[in-house]
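Subject: Structure handover

Hello,

Please look it over first; my notes follow below.

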Amino acid sequence: MKLSSLRLRYQPFLFIFLIIFPGFPLVHSSYHDYSDALSKSILFFEGQRSGYLPQDQRMAWRANSGLSDGWMYNTDLTGGYYDAGDNVKFGFPMAFTTTMLSWSVIEFGDLMPPNELRNALVAIRWATDYLLKTVSQPNRIFVQMANRKQGRELVGDPNIDHSCWERPEDMDTARTVYAVDAPNPASDVAGETASALAASSMAFRSVDPGYAETLLRKAVQTFQFADNFRGAYSDNTNIRDGVCPFYCDFSGYQDELLWGAAWLRRASQDDTYLSYIENNSKTLGADDNINEFGWDNKHAGLNVLVSKEVLEGNMYSLESYKASADSFMCTLIPEASSSHIEYTPGGLIYKPGGSNLQHATTISFLLLVYANYLARTSQTLNCGNVMVSPASLRVQAKRQVDYILGDNPMGLSYMVGYSNNFPQRIHHRGSSLPSVKDHPQFIACKEGSIYFNSSNPNPNVLVGAIVGGPSEDDTYGDDRADFRKSEPTTYINAPFVGVLAYFAANPNPS
């Protein structure tokens, strides 16, 4: 559900340079309505909202929740998103979600229909309004919000939340606030939050310049906190039990510092941040784990992001980042001698550890972004034994998208509400319990178990949610209890918004 997968397996492929990749069995292929999928991928975020819901809330089975968040600190911490199928607001993945939604708009927003661009910006702002609250106090960052129980159980333990199967609207206990105060470190969460605020400032610059300026100013301050007090937030003893094993910092905080500086450079064009990513590439391990990208490990995304300055701005002092981006892209090309990404028999990128579609959506996003950077400068990718065109990268991304939308051995769309065949029993509290509108009576923590254990389909359709996905043999059991496969997360969907925007405008990439 939460843990990053860090293991890759080398898999040899024949030296054949084709645009349609060999070796995968044919599966049923159908026309996909990428515009419909785009709309639904954005709508999903309304189902994850915490706080006071607006009058134009479209996911009508949801209602207000988490209205006392921040009470323990006499601070308003309402709003934001629940990360997945639980009722916890984890700051680390929420910030990454926000960065990826913003990057989707930055790269592909001009391809979105005006109403969907508006919806995407609304989804970003629901997160950024909350993130601004988390960094509103000097030298402090609020990193998490979880249910709280008294008695023999540990106060503020998210395991309590995970042991309850209750609607977010029914949470009736004071919510524990997890905060990190200087000089204690939170470089990972603060670095990712700085990235989110900087990236979102770019997304809002043309439509709300005043808000964009606020976001960028707070991004600068938050990055200073991250850089001045270095270390992982999960190293703090008062935080660790609350965030581990769910969103521990497994890969180290150094990548978030580089990632944050790179986004501040992109958003501000300040040479201070250019110098930072130039001078700290070795000391902060820019060359480490370059084939990973997700809420915990930013390296592959960092390298693609920074490569834009090399490809389009001739900033050759950053050439090492582009070399790492090239290397990562080549691992994704089955014909390349350096390919070592594992695929399912049906052709889905697969990494062990659960919630596999997070890898498919983030990697598809990077493929498209890098293809655009290469195409704008009329360049190709040299993978040693093959030369790879931007079109080839786009076709690889499209194969992943089409698999997710139904071109797979199961003939199943892994996006809820898309097509007529999609998961019915997703691991999601609000979706699986009767809505407060249909069942206004309170449902207590343990009373929800009958709904969790039910074999009935979820009564509330969480439209647009992308679940964790199938096993390495392409099978999927539609089992609510199997959270590694059936639980949606915000950070699976966020990069897919940009991917779908591209294919809605370019259904036949070239």
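Asn372 is buried, because its relative accessible area is 10%; buried means under 20%, exposed over 50%, and partly exposed in between, with a 1.4 Å probe and protein chains only. Asn372 sits in helix 12, residues 357–376. Helices (H or I, at least four residues) and strands (E, at least two) are DSSP runs, numbered from the N terminus. Beyond its neighbours within four places in sequence, Asn372 contacts Phe108, Arg394 and Tyr502. Contact means heavy atoms within 4.5 Å.

Some ground rules. This is a predicted model, where local features need pLDDT of at least 70, side-chain atom pairs count only at pLDDT 80 or more, and totals for chains, interfaces and linings use all residues. Residues are numbered from 1 along each chain as its sequence is written, and side-chain values use heavy atoms, with hydrogens and water left out.

Confidence next. pLDDT is the predictor's confidence in each residue, from 0 to 100. The protein chain averages 90, and 91% of the residues score at least 70. Residues 1–29 stay under 50; the model gives them 83 contacts beyond four places in sequence. Residues 149–157 are also below 50, with 21 contacts beyond near neighbours in sequence.

Now the disulfides. The structure has three, a disulfide being a pair of cysteine sulfur atoms within 2.5 Å. Counting bonded cysteines along the chain, the pattern is 1-6, 2-3, 4-5.

- Cys164 and Cys445: the S to S distance is 1.9 Å. The torsion about the S-S bond is about -100 degrees, so this disulfide is left-handed. The pair links distant parts of the chain, 281 residues apart. Cys164 lies in the loop between helix 4 (158–163) and strand 3 (176–181). Cys445 lies in the loop between helix 14 (429–432) and helix 15 (449–452). Both Cys164 and Cys445 are buried.

- Cys244 and Cys248: the sulfur atoms are 1.6 Å apart. This link is right-handed, with 120 degrees about the S-S bond. Cys244 and Cys248 are buried.

- Cys330 and Cys383: the sulfur atoms are 2.1 Å apart. This link is left-handed, at -90 degrees about the S-S bond. The pair joins distant parts of the chain, 53 residues apart. Cys330 is in helix 11 (residues 319–331), and Cys383 is in the loop between strand 4 (381–382) and strand 5 (387–388). Cys330 and Cys383 are buried.

Best wishes
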